[in-house]
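This note sets out points for a colleague who is meeting the structure for the first time. Please read the points in order, with the model open alongside.

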Amino acid sequence: MASSDPRDGATLVRTAGEVTTTRIIEAMARCLGRWGIAKTALDDVAREAGVSRATVYRYFPGGKDQLVLAVGIYEEGRFFAQLAPVLEQAVTLSETLSLAIAEASRFLHDHEVLGTLVELEPQKIMPLLAFDRIGPLLYRTTAFLTPYLERFLSSADIAAAAEWATRCVLSLWLEPSERLHPTDLEGAHHLVDRYLLPGLAPHALIRLTTTDIIDQPNT
Amino acid sequence: MTEQIRDRLHEAVLACAGRDAFRFSVEDVAHEAGLSRATVYRYFPGGKDQLVSDSVAWEVARFFTRIHAAVMDEPDLGAQLERALVEGHRLLVEHEVLGRILREDPERLIADLEGVMGQVRGGIEAYLASLLRHEDVAPGVDIDEAAEYLARLYLTYLGHAGTCDLDDPVQVRRLVDTQFVGGILVPGARRPPGT
């Protein structure tokens with residue numbers, strides 16, 4: 001992170017860069033919320049951010065496509081930051097995964113920009129998640145969930161569980177189901193307890209009546 | 001007769017797309033198929049757009065028909081899912097036209113795929129439900145819901161295998177046992193690996 005010396009020139013430049021980047025991304029998010037992807041022009045974004053068009057291109061040489069992706073990653077970061085304290089409270093593996101799924105599903109569904117985009121312009125969202133493009137997202141989800149799953153699972157099984165959760169959330173967000181409802185905790189538990197844990201971590205399905213943590217690493 | 005002409009036109013679209021992604025014209029397709037432009041428009045009055053959408057749907061159907069043919073010989077649900085994952089992955093990786101289009105114009109393709117995937121998933125669900133009815137399912141399992149779950153999970157794995165190496169049969173077996181059927185079949189329902 002930034003050095004502690006505020007007079008450090010490199011830090012000031014880097015920090016100013018971060019501020020501008022964030023300003024542009026947040027402006028893009030507001031524009032997307034108003035006009036969607038197709039109708040948002042980088043001129044709109046520049047005006048909304050209070051910077052020149054040249055500045056927008058300097059920070060995002062990949063143009064609109066790069067900015068849309070940047071908004072996605074930024075919102076993902078915001079989501080993980082808000083999920084962390086929730087997962088700190090989870091006691092069991094089932095609770096941890098179910099909370100993660102329910103919170104993620106609700107976040108996407110209720111999100112002013114993402115929730116609207118998936119309904120009105122799904123063909124613009126899907127290419128960002130299709131085929132290999134989903135790889136980095138699977139990886140980042142595994143990285144985020146690792147500290148919360150370490151006490152329950154081996155690292156191979158952590159990746160399996162994190163990827164599984166990501167796949168479920170995305171599949172059900174892009175095409176909602178009449179049967180499976182991950183936006184509420186009960187629905188998320190149903191997914192986790194019925195479809196994942198019996199195969200991946202059957203020992204974790206032992207119901208707890210105390211607040212003891214199940215401490216058996218998976219072999 | 002008309003089916004043959006449609007198929008010929010779809011094949012021609014694939015050939016043109018392999019060369020030029022979506023930049024081909026109706027004339028190119030007619031020429032490739034050895035038919036007149038008028039004939040193409042008679043079968044596809046919507047022109048290029050209809051040709052493309054219908055050809056995507058046609059190729060997707062062919063793709064899953066191939067997978068179905070490969071899995072039919074497998075003895076049970078678990079083995080069929082394993083085979084479907086491996087075959088599906090192989091067919092996708094080897095699909096030259098798909099690769100070409102994903103590099104050049106993924107948005108158009110994915111929009112067309114999206115239109116067809118709901119039906120595809122429905123078909124896979126129905127097939128899996130019929131298999132489940134012959135399996136030893138765990139108490140409390142809702143067969144239609146389980147079939148939907150399996151279809152969805154399968155389709156996401158087709159798109160990207162994540163950390164599972166689909167060339168390793170041990171990993172594929174473990175993937176199916178832990179994430180696909182683990183909660184659906186009674187424990188011990190599957191023959192141990194290697195038997």
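1. Basis. The model is predicted; local features need pLDDT of at least 70, side-chain atom pairs count only at pLDDT 80 or more, and totals for chains, interfaces and linings use all residues. Residues are numbered from 1 along each chain as its sequence is written, chains are lettered from A and ligands numbered from 1 in the order in which they are written, and side-chain values use heavy atoms, with hydrogens and water left out.

2. Chain A. Its secondary structure comprises 10 helices and zero strands (DSSP runs numbered from the N terminus, helices being H or I of at least four residues and strands E of at least two). Of the 219 residues in chain A, 51% are buried (buried means under 20% relative accessible area, exposed over 50%, partly exposed in between, with a 1.4 Å probe and protein chains only). Chain A exposes about 11100 Å², 57% of it supplied by carbon and sulfur atoms (Shrake-Rupley method, 1.4 Å probe; for residues, only the protein chains shown count as cover).

3. Extent of the interface. Contact (heavy atoms within 4.5 Å) involves 35 residues of chain A and 38 residues of chain B. The two chains bury about 2900 Å² between them, with 54% given by carbon and sulfur atoms; buried area is the accessible area (1.4 Å probe) that two parts lose on being put together, summed over both. F131(A), R167(A) and Y195(A) supply 28% of the area that chain A buries against chain B, more than any other three residues.

4. Five salt bridges are found between chain A and chain B (a side-chain nitrogen of Lys or Arg within 4 Å of a carboxyl oxygen of Asp or Glu). One salt bridge joins R174(B) to D157(A), at 2.9 Å from N to O.

5. Which elements of chain A supply two or more residues to the side that touches chain B? They are α7 (122-129), α8 (135-149), α9 (155-174) and α10 (185-200). The largest share, nine residues, comes from α9(A). By type, the residues on this side of chain A are 19 nonpolar, seven polar and nine charged (Ala, Val, Leu, Ile, Met, Phe, Trp, Tyr, Cys and Pro count as nonpolar, Asp, Glu, Lys and Arg as charged, and the others, Gly among them, as polar).

6. R167(A). This residue also forms a salt bridge with E163(A), the closest N and O atoms being 3.9 Å apart.

7. Salt bridges within chain B. E11(B) and R62(B) meet through their side chains at 3.3 Å, N to O. This pair links distant parts of the chain, 51 residues apart: E11(B) is in helix α1 (residues 2-20) and R62(B) in helix α4. R23(B) pairs with E104(B) in a salt bridge, with the closest N and O atoms 2.8 Å apart. R23(B) lies in the loop between α1 and α2 (26-33) and E104(B) in helix α6 (residues 96-104), so the pair ties together parts 81 residues apart in sequence. R23(B) is exposed, at 56% relative accessible area, whereas E104(B) is partly exposed, at 35%.

8. Network. Salt bridges that share partners join E175(A), R179(A), R121(B), E125(B), E148(B) and R152(B) into one network. Over all chains, the whole structure contains 30 salt bridges.
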